[in-house]
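Have a go at each task before you read its solution.

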Amino acid sequence: MTDFYAVIGNPIAHSKSPLIHAEFSRQTGQDMRYEAILAPMDAFAATVTGFRQRGGRGANVTVPFKLEAWEISNSLTERAAAAQAVNTLVFEACRIAGDNTDGAGLVRDIVVNLEFSLKAKRVLLMGAGGAARGVVLPLLEHEPCIFVIANRTRQKAYELQQQFLRQGCGNIVPVDYADLAGEKFDLVINGTSASLQGELPALPPDIFAAKSLAYDMMYSNGYTPFLKYARQQGVTRLADGIGMLVEQAAESFFLWRGIRPKTAPVIEILRSCSIS
Ligand code: ATR
């Protein structure tokens with residue numbers, strides 16, 4: 001019997017998740033269908049209930065519902081609890097299990113696909129919103145020597161540090177961009193939404209250490225403003241969020257089906273129709 005899955009968001013028409021999961025299921029021979037569902041802004045929970053009643057086995061959740069997905073989950077993994085956001089729902093008989101695969105997807109893209117070890121590295125994460133919060137714990141698990149969170153509104157970076165401090169993670173340094181003058185990092189991750197407005201966080205020059213990796217969690221046709229800037233600064237290792245997108249999907253697929261699909265061919269497909 002065919003199993004049903006979906007990605008739920010608003011807007012949703014642009015989502016690449018149906019294509020990614022169709023490739024995964026074809027590759028692994030799983031009997032499943034994956035659709036995109038537009039949830040009204042005020043009816044996320046009702047949309048989930050409706051999908052479950054139609055036989056849905058699980059769902060991905062995207063903007064702007066990750067917090068609501070966290071709220072409706074009856075149980076949470078540690079990483080979802082830390083992120084305070086859920087992007088993967090697993091529908092069990094009497095409850096909804098919530099997980100967050102975004103951070104694992106990012107880390108897997110960095111460590112496995114890009115072969116960049118985080119251990120003992122100087123890592124800068126820009127942004128303190130939902131997207132950034134979702135990746136903090138998986139990044140810290142790889143033991144960077146310093147982990148700085150920079151945000152335009154420093155208070156939000158500080159609040160994030162305090163939240164993780166309460167959860168036993170004491171090694172986050174919260175700053176604003178001006179505080180970064182004179183510092184260098186091996187890995188700079190853009191977890192802000194600045195690229196969506198064609199903008200760039202106010203990074204001081206010379207922030208990139210030799211052989212550093214510049215990673216934008218967003219992607220677009222061509223380089224994002226952050227990746228353009230990194231390139232101008234002489235950085236040669238540049239990555240956008242396509243690898244993360246496919247890896248977080250693979251992690252969700254694994255949660256639902258117990259099989260880890262190959263991601264490289266799917267990243268290749270997306271890249272060939274996205275980055276020019
Ligand atoms: P998301 O879920 O995408 O993280 P969010 O929770 O609204 O969205 O957070 C957006 C993040 O991008 C914030 O860290 C925001 O900084 P502020 O907290 O100071 O608003 C950051 N951001 C958005 N536009 C930015 C810009 N032009 N420069 C720097 N940071 C920006």
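A charge sits over a ring if NZ of Lys or CZ of Arg is within 6 Å of the ring centre and within 35 degrees of the ring normal. Keep in mind that this is a predicted model.

**Exercise 1.** Find which ring Arg-122 lies over, and at what distance from the ring centre.

*Solution.* Start at Arg-122: the ring whose face it lies over belongs to Phe-185, and the distance to the ring centre is 5.3 Å. Next, look at Lys-121, whose charged end sits over the ring of Phe-116, 4.6 Å from the centre of that ring.

**Exercise 2.** Work out how the rings of Phe-44 and Phe-65 are arranged, and which parts of the chain they tie together.

*Solution.* The aromatic pairs number 7. In the pair of Phe-44 and Phe-65, the centres are 5.0 Å apart and the planes make an angle of 15 degrees. Planes under 30 degrees apart count as stacked, so this pair is stacked. Phe-44 belongs to helix H2 and Phe-65 to the loop between strand E3 and helix H3, so the pair joins parts 21 residues apart in sequence. Phe-44 is buried, at 1% relative accessible area, and Phe-65 is buried at 1% too.

**Exercise 3.** Decide whether Pro-261 is buried or exposed, and list what it touches.

*Solution.* First, locate Pro-261 in the loop between helix H9 and helix H10. Its relative accessibility is 6%, and buried means under 20%, so Pro-261 is buried. Leaving out residues up to four places away in sequence, Pro-261 touches Phe-24, Gln-27, Thr-28, Ala-250 and Phe-253. Finally, compare positions along the chain: Glu-23 is 238 residues from Pro-261, yet their C-alpha atoms are 9.0 Å apart.

Terms used:
Residues numbered from 1 in each chain as written. Predicted model: local features only at pLDDT ≥ 70, side-chain atom pairs only at ≥ 80, totals over all residues. Heavy atoms only, no water. Helix = DSSP H or I, 4+ residues; strand = E, 2+ residues; numbered from the N terminus. Buried < 20%, exposed > 50% of the residue type's maximum accessible area, 1.4 Å probe, protein only. Contact = heavy atoms within 4.5 Å. Phe/Tyr/Trp six-rings, centres within 6.5 Å; stacked < 30°, edge-to-face > 60°.
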